[in-house]
Amino acid sequence: MKTTNTRAKSAIVEISPSRLEVSVFSSGKPAIHTFFLDQSEWGDNWPGVLRGLSDPLANLVQQSGLVGAAPTVVYVAPTSAVGVFSCPASAGKASAATSAMLGLAGVCPFPLEGQPSGVRHLGTDKPGADGAAGVQVHNLGAADTDASVQAIADLCGRAGLAPICFIPAAAAATADAVRLALEASAKGGVHAVFWLGTQVSVLAVANAGRLRLVRNPSLGTDLFVEALIRPIRARSSDSQPPRDAVTLTRDQARELLARAGIPAAEQVVDEARGIHGAGLLPLMQPVLQRLSVEVKQSLRFGLEDAEREALSLSLAGPGSLLPNLPQTLARQTGLSLGAEQTSSDRDAHGLAAAVRAGESVLPILRPFSMEQASTFRTTRRTVWVGLAAAAAVVAADIGTSWMALSHANERVTQLKNQVARDSATTPEQVAAEAAREKVLALREAISTQMGDKVDWSAFLTLLADTTPENIRFSSVEVGFSGRRACTLTGYLDGASGAEAASALQAYMSSLAAVPLVANVSLGTTQRSQRDGRPVQQFELSVLLLGLPSNTVISDKDAGQISAGER
């Protein structure tokens, strides 16, 4: 069986309702192997439909020489959720990431807790004439159900692959469209990029280096393919009898679309079959209408009048390669094409090229089983390294303390011998007593050095004083016996969306200011209902500072406690 050592970032697998595609990037042009699917069979049978794709994908993997490789997988699934979430730059990147995670939870059709999700920094607006005012930080978020991502991972495993990460196709297209829009507008002006793929599309608009609009319509060039497999009215010459309507297969329709694009009415597209532009345009017009309406409506409600008047449009992605499509779309939307509207090999590589270009900003999803295996391997390595380091430190501490104690004992013995020889010598007795006091102090220092503890009683008192009335705790889990971590589970009452994110961030800041607290981090969040009111559930992890063992509770108090809802 043929194998390869191709790195993950050089091999990309695309899985969508209309195709399986394996792209291997090297020094020259990428090697691309594609297997086309009938997307009508995709239907509602998700993710069960993936079980029937094992053999086609395995064949592509063997043709590409990727058996055993660890590629990146970009995929289209009905369960995935993708969005761009913006926050004022003055809030800081950490707060912006927290806000984005809350925003992602709001747009997901399923609870985020326990499901693969991620947020990555997409970009920051370029300062304008007003300086930092209005500058936004933009984060790209993506989430999916663990069942969907696991099903894709199982498909790849059956095909002989060991993928390391999974990226929703809409996330890759969004990152690429935003990057192109910001670059085109960096020198001034308003520029819109319509990234049109086979299954996904993204409209991104930037004004002078500032992101103004991002929208993900559920459209793609495969809509044209589906339109062209319907009967096409054929044209015959005067000397020929009338021809029957022509029906194309999907492969034929796909080839005709790539060659003719959006033809003129009198254009001869396929003379042998009698196909002219006049026979194709009625089938293609509904798709063109949907594309133009999505663009016009998005710009109408997302931009100001002055921005729309100065706006230029360009197409990117595989759709930009269809002959006459950019010009037709510009004409139907009333927009002018940007000077940078040129097709390239990069557009032909579609999602694979978008993944490579946005590698540093794309959120990565992994199924729970993969995360668990990765955590186990990391923990095992860390444990062995940690044990070795701890043993070395303990050995050094014991050696140093033992030497100090030995010297002190020798001094005590000397003093005792002197006292035995001359019991009447008072200064010597005083010296012996002082040496004994030093030994006791040294023993106490050794005991203290063996480890710090946490004053949980003081922390719980400060927690009650710090927590506002609109935050309720469901549980407070703390650990003694050397553990310094505390988990707070609760909900924010009567707030949601950006308001909840701001209130939760303010609470985290006030909690971090408590002297006993070393660090506060946000875990999972989820919007919910409680007694008919919207609430924002959350989980916080709090790391406390250790204190000398003689200043905190005794070991007999060790254990775990759980505080009920306050």
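A pocket is an open set of points on a 1 Å grid over the protein atoms alone, with protein on both sides within 12 Å along at least five of seven lines, and its lining residues have an atom within 4 Å of a point. Grid points are joined across faces, edges and corners, and a volume is the space filled by probe spheres set on the points.

The model is predicted: local features need pLDDT of at least 70, side-chain atom pairs count only at pLDDT 80 or more, and totals for chains, interfaces and linings use all residues. Residues are numbered from 1 along each chain as its sequence is written, and side-chain values use heavy atoms, with hydrogens and water left out.

**Figure 1. The second largest pocket.** The volume of the second largest pocket is about 490 Å³. Its lining has 27 residues, and those closest to the centre are Arg19, Thr198, Thr221, Pro318 and Ala348. At least two lining residues come from each of β1 (11-16), β2 (19-24), β3 (31-36), α5, α6 (250-260) and α11 (350-357). Helix α6 gives the largest share, 4 residues. Helices (H or I, at least four residues) and strands (E, at least two) are DSSP runs, numbered from the N terminus. The lining of this second largest pocket divides into 13 nonpolar, 8 polar and 6 charged residues. In this count, Ala, Val, Leu, Ile, Met, Phe, Trp, Tyr, Cys and Pro are nonpolar, Asp, Glu, Lys and Arg are charged, and the others, Gly among them, are polar.

**Figure 2. The largest pocket.** The largest pocket holds about 750 Å³ of space. Of the 34 residues that line the largest pocket, Ala170, Val200, Asn216, Pro217 and Ser218 lie nearest its centre. The elements β5, α4, β11 (210-215) and α5 (222-228) each supply at least two residues of this lining. Sorted by class, the lining of the largest pocket has 18 nonpolar, 12 polar and 4 charged residues.

**Figure 3. Ser185 in helix α4.** Ser185 belongs to helix α4, which covers residues 169-185. Is Ser185 buried or exposed? Ser185 is buried, because its relative accessible area is 0%; buried means under 20% relative accessible area, exposed over 50%, and partly exposed in between, with a 1.4 Å probe and protein chains only. Apart from neighbours within four places in sequence, Ser185 is in contact with His191, Ala206, Asn207, Ala208 and Gly209, where contact means heavy atoms within 4.5 Å. Asn207 is 22 residues from Ser185 in sequence, yet the two C-alpha atoms are 5.8 Å apart in space. A polar atom of the Ser185 side chain lies 3.1 Å from the backbone nitrogen of Gly209.

**Figure 4. Strand β7 and its two partners.** Strand β5 (residues 81-88) runs antiparallel to β7 and is joined to it by 8 bridges; two strands pair if DSSP finds at least two bridges between them. In this pairing, Cys87 stands opposite Val137 in β7. Strand β6 (residues 117-124) also pairs with β7 in the antiparallel sense, over 7 bridges. Here Ser117 stands opposite Ala143 in β7. In a regular strand the side chains alternate between the two faces of the sheet.

**Figure 5. Helix α1 and what it packs against.** Which residues of helix α1 (residues 54-64) are buried? They are Ser54, Pro56, Leu57, Ala58, Leu60, Val61 and Ser64. The buried residues of α1 pack against β1, β2, β3 and α3 (146-158). After α1 comes Gly65, which has a positive phi, near 70°.

**Figure 6. Ser10, before strand β1.** Ser10 sits in the segment before β1. Ser10 counts as buried because its relative accessibility is 12%. Beyond its neighbours within four places in sequence, Ser10 is in contact with Ser23, Val24, Phe25 and Arg356.

**Figure 7. Ser320 in a loop.** The loop between β14 (311-316) and α9 (325-333) contains Ser320. At 6% relative accessibility, Ser320 counts as buried. A polar atom of the Ser320 side chain lies 2.7 Å from the backbone oxygen of Gly317. Ser320 and Asp347 are 27 residues apart in sequence, and their C-alpha atoms are 7.2 Å apart in space.

**Figure 8. The whole protein chain.** The protein chain has 15 helices and 20 strands. Of its 566 residues, 43% count as buried. Among contacts between residues at least 6 apart in sequence, 68% join residues at least 24 apart.

Key:
Polar contact = N/O pair within 3.5 Å; in protein donor to acceptor, adjacent residues only side chain to side chain. 1 Å grid on protein atoms, 1.4 Å probe; cavity = no way out; pocket = protein on both sides within 12 Å on 5 of 7 lines; lining within 4 Å.
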